[in-house]
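This briefing sets out selected features of a single protein chain for use in computational work.

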Amino acid sequence: MKRIKILIMVISGILLLLLAACSLQKEAEGGDGTAEGEEIVNPMEEVKDITELQDKMSFMMLALPAYYGEEDSRYYIVGKTLAMIQCRVADHEVEIRQQKGSGDITGIYQMTYQDAVYEGIAYHYGAGEDFHAAWWENGGYSYSVMVTNISEQDFISEYAETLVSQSVFNRDYETQNVQ
């Protein structure tokens with residue numbers, strides 16, 4: 001039941017993104033947003049693995065350490081700008097997002113966040129009915145993570161702070177490779 005609620009939330013967020021994109025296109029073209037015979041493209045493109053995701057996005061994607069034992073990993077590009085990994089770790093559904101730019105990319109808009117700092121990076125975390133989420137900015141990117149069926153303390157230590165730390169590594173890696 002809890003997984004269904006999370007899935008409904010994720011699908012609702014994607015549908016809202018799709019609706020907003022279609023509305024903007026419709027306004028710009030002054031019609032229904034498509035040429036005759038043209039179909040509306042799904043803004044969520046599945047790719048085969050993290051390597052393809054990174055190649056298409058042209059950045060190093062944040063990912064869980066290998067020892068977490070991810071299962072059923074799925075990789076997506078949403079709206080050509082947002083990279084997303086969905087997977088299962090033990091009895092937790094995990095979603096990691098990354099996008100160039102700044103701001104909250106969790107897709108959760110009715111949440112009250114608390115502020116924290118880890119390794120000099122400010123992050124924001126909060127809880128829903130059966131999940132925890134966090135987002136932060138670092139090195140020109142926005143990041144978010146959402147995990148179901150987890151305590152606040154475990155979420156913070158095992159996911160939020162682990163991934164905040166990983167984003168510092170990604171920033172340093174990309175900085176060294178640009179020079």
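From the N terminus on, the elements of the chain follow the order α-β-α-β-β-β-β-β-β-β-α, which amounts to three helices and eight strands. The model is predicted. Of the 179 residues of the chain, 41% count as buried. Among contacts with a separation of 6 or more, 52% are between residues 24 or more positions apart.

**Nonpolar cores**

- In soluble globular proteins, nonpolar side chains tend to be buried together.
- The largest nonpolar core in this model comprises 34 residues, and the residues with the most contacts inside it are Trp 136, Val 145, Phe 155 and Tyr 159.
- Two or more residues of this core come from each of α2, β2 (71–78), β3 (82–89), β4, β6 (121–127), β7 (131–138), β8 (141–148) and α3 (152–178).
- Helix α3 gives the most to this core, with seven residues.
- A second, separate core has six residues, including Met 44, Tyr 76, Val 78 and Met 84.
- Leaving aside residues up to four places away in sequence, Val 145 touches Val 94, Glu 95, Ile 96, His 132, Ala 133, Ala 134, Trp 136, Phe 155, Tyr 159, Ala 160 and Leu 163.

- Rolling a probe the size of a water molecule over the atoms shows where empty space is left.
- The count comes to one cavity of 30 Å³ or more, and the volume of the largest cavity is about 40 Å³.
- The lining of the largest cavity is formed by Glu 95, Arg 97, Thr 106, Ile 108, Ser 144, Val 145 and Met 146.
- By class, these lining residues are three nonpolar, two polar and two charged.
- Strands β4 and β8 each supply at least two residues of the lining, and β8 provides the largest share, three residues.

**Arg 97**

- Which strand holds Arg 97? Arg 97 is found in strand β4 (residues 92–100).
- Arg 97 counts as buried because its relative accessibility is 9%, under the 20% limit for that class.
- Not counting residues up to four places away in sequence, Arg 97 touches Met 61, Leu 82, Ala 83, Met 84, Ile 105, Thr 106, Gly 107, Ser 142, Tyr 143 and Ser 144.

- At the start of helix α2 (residues 50–57), a side-chain oxygen of Asp 49 comes within 3.2 Å of the backbone nitrogen of Thr 51.
- Most residues other than glycine have a negative phi, and most peptide bonds are trans.
- Ser 58, which follows α2, has a positive phi of about 60° although it is not a glycine.
- Ser 58 lies in the loop between α2 and β2 and is exposed, with a relative accessible area of 54%.
- Ala 90, likewise not a glycine, has a positive phi near 55°.
- Ala 90 is located in the loop between β3 and β4.
- Is Ala 90 buried or exposed? At 60% relative accessibility, Ala 90 counts as exposed, because that class begins over 50%.

Conventions: Residues are numbered from 1 along each chain as its sequence is written. This is a predicted model: local features need pLDDT of at least 70, side-chain atom pairs count only at pLDDT 80 or more; totals for chains, interfaces and linings use all residues. Side-chain values use heavy atoms; hydrogens and water are left out. Helices (H or I, at least four residues) and strands (E, at least two) are DSSP runs, numbered from the N terminus. Buried means under 20% relative accessible area, exposed over 50%, partly exposed in between (1.4 Å probe, protein chains only). Contact means heavy atoms within 4.5 Å. A polar contact is a pair of N or O atoms within 3.5 Å; within protein, one must be able to donate a hydrogen and the other to accept it, and residues adjacent in sequence count only if both atoms are side-chain atoms. A nonpolar core is a set of buried Ala, Val, Leu, Ile, Met, Phe, Trp, Tyr and Cys residues joined through side-chain atoms within 4.5 Å. On a 1 Å grid over the protein atoms alone, a cavity is a set of points where a 1.4 Å probe fits but cannot get out, and a pocket is an open set with protein on both sides within 12 Å along at least five of seven lines; lining residues have an atom within 4 Å of a point. Grid points are joined across faces, edges and corners, and a volume is the space filled by probe spheres set on the points. Ala, Val, Leu, Ile, Met, Phe, Trp, Tyr, Cys and Pro count as nonpolar, Asp, Glu, Lys and Arg as charged, and the others, Gly among them, as polar.
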